[in-house]
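Welcome, and please load the model in your viewer with the sequence panel open. We will go from stop to stop, selecting a few residues each time.

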Amino acid sequence: MVATPSTMLPLGTVAPGFDLPDPDGRTYALADFADTPVLVVAFLCNHCPYVKRIRARLADLGAELEQRGVAIVGINSNDVDSHPEDAPALMRREPYRFPYLYDETQVVAKAYSAACTPDFFVFGADRTLVYRGQFDGSRPSNDVAVTGADLVGAVDAALSGARAPEPQRPSIGCNVKWKPGNAPDYFG
């Protein structure tokens, strides 16, 4: 298992648009979340041990944040030819109540400079990036409790109009599984 860090997209970046289907074919676009004060975009997949480690807490946190008016969108951009366990039909098995979308062309992952799963981006009401980085310090290789503390701190700050806590640490996870010849320049 090779650990890949997030690219740390510059703060202040405007949320790139998306128009992606969930496993049942319902399409969601960035504009669908225009009325929410904070939007969390999470690049996820089904097979990654880093995602598996946080998935239960992320599912619970998604429900908690939804009660506070925060929108969360999960996006799976992995190549399902090389990783069939990430196929949209299998995405239905995940415990998330928030939309979990499939980025078949990987265009959205590139627009967000997503590099790993999980990779988190928090956008304020004006849809500029206020946080990018880790869920918390837990990893499959350590005994740190899975809390979502870093993400929660960033969301709390965004809801109150404050700056996200520093330092913002990169997420660490499995690299996005790019289609042959599709890996972006930032990925190497």
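Helices (H or I, at least four residues) and strands (E, at least two) are DSSP runs, numbered from the N terminus. This is a predicted model, in which local features need pLDDT of at least 70 and side-chain atom pairs count only at pLDDT 80 or more, while totals for chains, interfaces and linings use all residues. Residues are numbered from 1 along each chain as its sequence is written, and side-chain values use heavy atoms, with hydrogens and water left out.

**Stop 1: a helix residue**

Select Leu61, which lies in helix α1. Leu61 is buried, at a relative accessible area of 2%; buried means under 20% relative accessible area, exposed over 50%, and partly exposed in between (1.4 Å probe, protein chains only). Now show what surrounds this side chain, taking contact to mean heavy atoms within 4.5 Å. Not counting residues up to four places away in sequence, Leu61 touches Phe135, Leu151 and Val152. For a distance label, pick Leu61 and Ile72: they are 11 residues apart in sequence, and 9.6 Å separates them from C-alpha to C-alpha.

**Stop 2: the three-stranded sheet**

Next, switch to a cartoon view and colour β1, β10 and β7. These 3 strands form an open sheet in the order β1-β10-β7, with antiparallel pairing; two strands pair if DSSP finds at least two bridges between them. The edge strands are β1 and β7, each of which pairs on one side only. Strands of a sheet pair through backbone hydrogen bonds, either parallel or antiparallel.

Start with β1 (residues 4-5), which pairs with β10 (residues 172-175) over 2 bridges. Pro5 has Ile172 as its bridge partner in β10. On the other pairing, 2 bridges join β7 (residues 116-117) to β10, and there Thr117 has Cys174 as its bridge partner.

**Stop 3**

Is Thr117 buried or exposed? Its relative accessible area is 2%, so Thr117 is buried. Leaving aside neighbours within four places in sequence, the residues in contact with Thr117 are Phe43, Leu44, Cys45, Cys48, Tyr50, Val51, Gly173 and Cys174.

Then step along to Pro118, in the loop between β7 and β8 (119-123). The peptide bond joining Thr117 and Pro118 is cis, with omega about 0 degrees. Another cis peptide bond joins Glu166 and Pro167, where omega is about -5 degrees. You will find Pro167 in the loop between α4 (149-160) and β10.

**Stop 4: the cysteines**

Select the cysteine sulfurs. How many disulfides are there? A disulfide is a pair of cysteine sulfur atoms within 2.5 Å, and by this rule the count is 0. Cys45 is in no disulfide: its nearest cysteine sulfur, that of Cys48, is 4.9 Å away. Cys116 is in none either, with the sulfur of Cys48 again the nearest, at 8.1 Å. Cys45 is buried, at 0% relative accessible area, and Cys116 also counts as buried, at 0%.

**Stop 5**

Grid points are joined across faces, edges and corners, and a volume is the space filled by probe spheres set on the points.

The structure holds 1 cavity of 30 Å³ or more. The largest cavity has a volume of about 70 Å³, and its lining includes Tyr50, Arg53, Ile54, Pro118 and Ile172. Helix α1 (residues 49-67) gives the most to this lining, with 3 residues.

For the largest pocket, with a volume of about 170 Å³, select residues including Asp22, Tyr28, Arg92, Tyr96 and Phe98.

**Stop 6: two positive phi values**

Finish with Ser113, in the loop between α3 (107-111) and β7. Ser113 has a positive phi of about 55 degrees although it is not a glycine. Arg127, found in the loop between β8 and β9 (129-133), likewise has a positive phi, of about 65 degrees, and is not a glycine. Most residues other than glycine have a negative phi, and most peptide bonds are trans. Ser113 counts as buried at 16% relative accessibility, as does Arg127 at 10%.

Note on methods:
1 Å grid on protein atoms, 1.4 Å probe; cavity = no way out; pocket = protein on both sides within 12 Å on 5 of 7 lines; lining within 4 Å.
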